[in-house]
Amino acid sequence: YGVLNVRADLVLEADKMVTTAQDQGLTIMLLTNGASNVTSTAALKYRALGLPIDPSHVISSRDALLHQLDQAGHNITLLGVVDSYTDIPTGYPFDCLALSPESPQDWLSCDAIGFFGAVHWHEGWQDALKAAIKAGVQIMVANPDVAAPLQGGFSREPGFWVAKAIHDLGLTPQEAPVSWVGKPYPAVYDLALARLEDSMGHSILDRKRGGAR
C-alpha cells in the first residue's frame, strides 16, 4: 500500500516493475501490513489491479499474528478482534470475539486483543482500547503503521492509535501490554521468508550473513 497501489489506484508503472522482475526469473513475495481482510481477498485485489502476482505469494501481517497464536505455548482461548471492518478469523484453536465500543466489558474478558485495522475507528473505540491497556489486557498489533497514503491526505492506522493510547495513559512503551507483529518487526519477515523458501524448494538466505544466495 503506497508502493503498488493507493486504494483502488495502481501506482504509476508498478505493474511494469513486477513484470520486469518476473521476466528476469525473480520470484516475488508480496508482504503487506493490510490486515483487516483475509489475505486471499488482498490477493484478488492485486489481480484486479493487473498485477500478475501468484495469490499464494501474498502474505499479510494478519497471517503472522494468527500464525504466532497458532503455535504451541500460547495460552490464548479467546481473542478479541477490532475494528468492525475486520474479518473475524476462523479455523483456529481459539475462539474469536468481535469487539465493539458499546460493550467495553467484553474487552476485559479476552486473553488478548488483535488490532488488525482501524477503518471504522472513532473515539469510542479509542476509549475502550485505553481501558483494556490500563487493565493489562495483551494488545497484539498486526498493523504497526501510524499512517497510510490516501488521495489528498493520510489515514491513521493501528500503530498511531495504540501509541496515542499508551501516551495518554502516561505509560512507557515497555510498561504497556502491547506486542507488535507486522512490518518492520521480525515475525512477519520470518513467515514470509519461510513461505518463499517453501515455494522455491530451497533456502535463499544465509541468516548469519544477512545476504541472499
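This is a predicted model: local features need pLDDT of at least 70, side-chain atom pairs count only at pLDDT 80 or more; totals for chains, interfaces and linings use all residues.

Trainee: Okay, strand 7 then. Are its faces buried or exposed?

Mentor: Check the residues on each side in turn. In strand 7, residues 112–115, Ala112 and Gly114 sit on one side and Ile113 and Phe115 on the other, and all of them are buried. Both faces of the strand are covered.

Trainee: Which strands pair with strand 7?

Mentor: Look for bridges, and for the direction of each pair. Strand 5 (residues 78–82) is joined to strand 7 by four bridges, and the two run parallel. Strand 8 (residues 138–141) is also joined to strand 7 by four bridges, again in parallel. For landmarks, find Val81 opposite Gly114, and Phe115 with its bridge partner Val141 in strand 8.

Trainee: Now the single residue. Where is Asn33?

Mentor: Asn33 lies in the loop between strand 3 (30–32) and helix 2 (39–48).

Trainee: Why does Asn33 count as buried?

Mentor: Compare its relative accessible area with the cut-off. Asn33 counts as buried because its value is 3%, and buried means under 20%.

Trainee: And what does Asn33 touch?

Mentor: Leaving out residues up to four places away in sequence, its contacts include Ser61, Asp145 and Lys183. The Asn33 side chain also reaches the backbone nitrogen of Lys183, at 2.9 Å.

Methods:
Residues are numbered from 1 along each chain as its sequence is written. Side-chain values use heavy atoms; hydrogens and water are left out. Buried means under 20% relative accessible area, exposed over 50%, partly exposed in between (1.4 Å probe, protein chains only). A polar contact is a pair of N or O atoms within 3.5 Å; within protein, one must be able to donate a hydrogen and the other to accept it, and residues adjacent in sequence count only if both atoms are side-chain atoms. Contact means heavy atoms within 4.5 Å. Two strands pair if DSSP finds at least two bridges between them.
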